[in-house]
Amino acid sequence: MVQEVRHLYDPEWPRRIRICEVGLRDGLQNEKRLFSLEEKLLLLNKVVDSGVKIIEIGSFVNPKAVPAMAQTEELCRLMPKLAGVEYRALVANLKGVERAYSAGIAKVKLTVSASEAHCRSNLNKTPAEIIDGFTSCAAYAAEHNMNVSGAISTAFGCPFEGRVKLEQVDRVVRDFLRLGITELSLSDTTGMANPRQVYELGKYMTTAFPSVRWVMHFHNTRGMALANIIAGIQAGITTFDGAFAGLGGCPFAPGASGNVATEDVVHMLHEMGIATGIDLEGAMSTARLAQEMAGHTTDSFVLKAGRCEDLAK
């Protein structure tokens, strides 16, 4: 009987999920304390040692706008670039792509908000106008054998508009595809998404655009990030972002508190029997160090409560 129940009701879970560590960029960019170059390098090395294979190491943006990212070039020069590890950086324009190339970064990420109100508030442009500006970025990257991914921020909700319509997100996806960018992230920039919404948007996107490599990025602003990841998995998404210790937030989106903690995601998936290739103890060690450096506690549940498996010892 038990076997019959499991057969009837258990969904098909993937064997493996990929985690991208964004703590060095999205985690640090909104911290009041600026991390030193040495601290960033130490955290990066610990992330690599824990087995993470995709790392967003920083951004090549105007340091006056985001002071925490001012040392990205120096970090690129000092960090070991290991085979099998994907190092990427966020860029905002052609100059950012050129800086990334000069620093030896082979993959860049371009981001635009699906919300017109959010775009106009930050850049006084529409999403389409912003993506049009990415044409030179995509061309330069292609000429220099660089990979490009795209991120769609406020894909689920906007602090100015509220719920973002499917049509708005769909339009941005098609604009990115016209540039030849086929790896796209659906980002819950202000933690407004709920699991049903995530499942429905994710299912639509994976069905309508099966050639796209989909990623999801969640903030835990209202405590729904882990549930949203489960909904994303059920919709067919197998790559998710996380930030060590749950640090982070967007300086351009009011109310965007911390990212979902990488160690919480890894812990949940491992408890479910889903592999990540990441050593949980190593991820927790990185998170503890990040907390110490930040000088405050964070919303990392597994750091507070410990691993489930520890309770049985």
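Helix α11 (residues 225-234) and helix α12 (residues 262-271) pack at an angle of about 55°, with their axes 11 Å apart. The model is predicted, with pLDDT of at least 70 needed for local features and 80 or more for side-chain atom pairs, while totals for chains, interfaces and linings use all residues. Residues are numbered from 1 along each chain as its sequence is written, and side-chain values use heavy atoms, with hydrogens and water left out.

Helices (H or I, at least four residues) and strands (E, at least two) are DSSP runs, numbered from the N terminus. The axes are lines fitted to C-alpha atoms, for helices over the stretch in contact, and the angles run from 0 to 180 degrees between N-to-C directions. Angles under 35 degrees count as roughly parallel, over 145 as roughly antiparallel, 65 to 115 as roughly perpendicular and the rest as oblique. Helices α11 and α12 are therefore oblique to each other. Their crossing is right-handed; a crossing has this hand if the near helix is turned clockwise from the far one by less than a right angle, and is left-handed if anticlockwise.

From α11, the contact (heavy atoms within 4.5 Å) involves Leu226, Ile229, Ile230 and Ile233, and from α12 it involves Asp264, Val265, Met268 and Leu269. These residues divide into seven nonpolar, no polar and one charged. In this division, Ala, Val, Leu, Ile, Met, Phe, Trp, Tyr, Cys and Pro count as nonpolar, Asp, Glu, Lys and Arg as charged, and the others, Gly among them, as polar. An α-helix has 3.6 residues a turn, so residues three or four places apart point the same way.

Helix α12 is mostly covered, with eight of its 10 residues buried. Buried means under 20% relative accessible area, exposed over 50%, and partly exposed in between (1.4 Å probe, protein chains only). The buried residues of α12 are Thr262, Glu263, Asp264, Val265, Val266, His267, Met268 and Leu269. They pack against β1 (18-21), α11, β10 (239-242), α13 (280-294), α14 (301-305) and α15 (308-311).

Histidine 267 belongs to this helix, and its relative accessible area of 12% places it among the buried residues. Apart from neighbours within four places in sequence, histidine 267 is in contact with Leu280, Val302, Arg307 and Cys308. After α12 comes glycine 273, with a positive phi near 80°.

**Helices α9 and α10**

Helix α9 passes α10 in a right-handed crossing. On the α9 side, Leu166, Val169, Asp170, Val173 and Arg174 meet Leu201, Tyr204 and Met205 of α10. The contact comprises six nonpolar, no polar and two charged residues.

Arginine 174 is located in helix α9 (residues 166-178) and is partly exposed, with a relative accessible area of 39%. Leaving aside neighbours within four places in sequence, arginine 174 is in contact with Tyr204 and Phe209. Arginine 174 and phenylalanine 209 are 35 residues apart in sequence, and their C-alpha atoms are 9.3 Å apart in space.

**Leucine 41**

Leucine 41 lies in helix α3 (residues 37-49). Beyond neighbours within four places in sequence, leucine 41 has contacts with Leu75, Leu78 and Met79. The C-alpha atoms of leucine 41 and valine 260 are separated by 22 Å, and the two residues are 219 residues apart along the chain.

Most residues other than glycine have a negative phi, and most peptide bonds are trans. Threonine 154 has a positive phi near 45° and lies in the loop between β5 (147-153) and β6 (157-158). At 0% relative accessibility, threonine 154 is buried. Alanine 245, also not a glycine, has a positive phi of about 65° and is placed in the loop between β10 and α12. Alanine 245 is likewise buried, at 0% relative accessibility.

**Cysteines**

A disulfide is a pair of cysteine sulfur atoms within 2.5 Å, and by this rule the count is zero. Two cysteines are listed below.

| Cysteine | Closest cysteine sulfur | Sulfur distance | Relative accessible area |
|---|---|---|---|
| Cysteine 20 | Cysteine 76 | 14 Å | 1% |
| Cysteine 137 | Cysteine 119 | 15 Å | 1% |

The sulfur of cysteine 20 is too far from that of cysteine 76 for a bond, and the sulfur of cysteine 137 is too far from that of cysteine 119.
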